[in-house]
Amino acid sequence: MTTLHIEHPITDYATWKHAFDSFADLREKSGVRAHVIRRPIDDSRFILVDLDFDSEDAAIAFRELLRSRVWAIPANSPGLAGEPTATILRIQRQQRRHIHRQLTTLQRCGKCFGGFTDSFFIVHNFTTSLS
């Protein structure tokens, strides 16, 4: 998986988010598999966006599309208050936690390799390392 990591200042979140949402079809057609929007807790006028792709080529192509068709045209990027930075990232190591909170015993867990569990609280750690 490859991530296009974008950071930039914004004028206000509502304006920026409306513009972001208007490009949902373009993101899907360009191969964006998932996205995460983050905002600093101490800066309401800054945004960080991670867009996940299956390949580096797709992420690079979308970055160029953003630069030429979105960010370069003020009408397409209302809410943008400065020059975005866009970095292509490759996962080196990933760890996820899978947590169950169960009220009854013997419930099936699909992430437990099809097994059953009778614990009330279970944590699974999944780690993936990529060379």
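**The open sheet and its helix**

Mentor: Of the contacts in the chain (heavy atoms within 4.5 Å) between residues at least 6 apart in sequence, 62% join residues that are at least 24 apart. This is a predicted model, in which local features need pLDDT of at least 70, side-chain atom pairs count only at pLDDT 80 or more, and totals for chains, interfaces and linings use all residues. Residues are numbered from 1 along each chain as its sequence is written, and side-chain values use heavy atoms, with hydrogens and water left out.

The chain has three helices and eight strands, that is, DSSP runs of H or I with at least four residues for helices and of E with at least two for strands, numbered from the N terminus. The part to look at closely is an open sheet of four strands, in the order E2-E3-E1-E4, with antiparallel pairing; two strands pair if DSSP finds at least two bridges between them. Strand E2 (34-38) and strand E4 (85-90) each have a single partner strand, so they stand at the edges and one side of each is left without a neighbour in the sheet. From one strand to the next, the twist averages 20 degrees.

Now follow strand E1 (residues 2-9), which pairs with E4 in the antiparallel sense over six bridges; Ile6, for example, has Ala86 in E4 as its bridge partner. Helix H1 (residues 13-22) packs on this sheet, where it touches E1, E2 and strand E3 (46-53), and its direction makes about 170 degrees with that of E2. Such angles run from 0 to 180 degrees between N-to-C directions, and the axes are lines fitted to C-alpha atoms, for helices over the stretch in contact.
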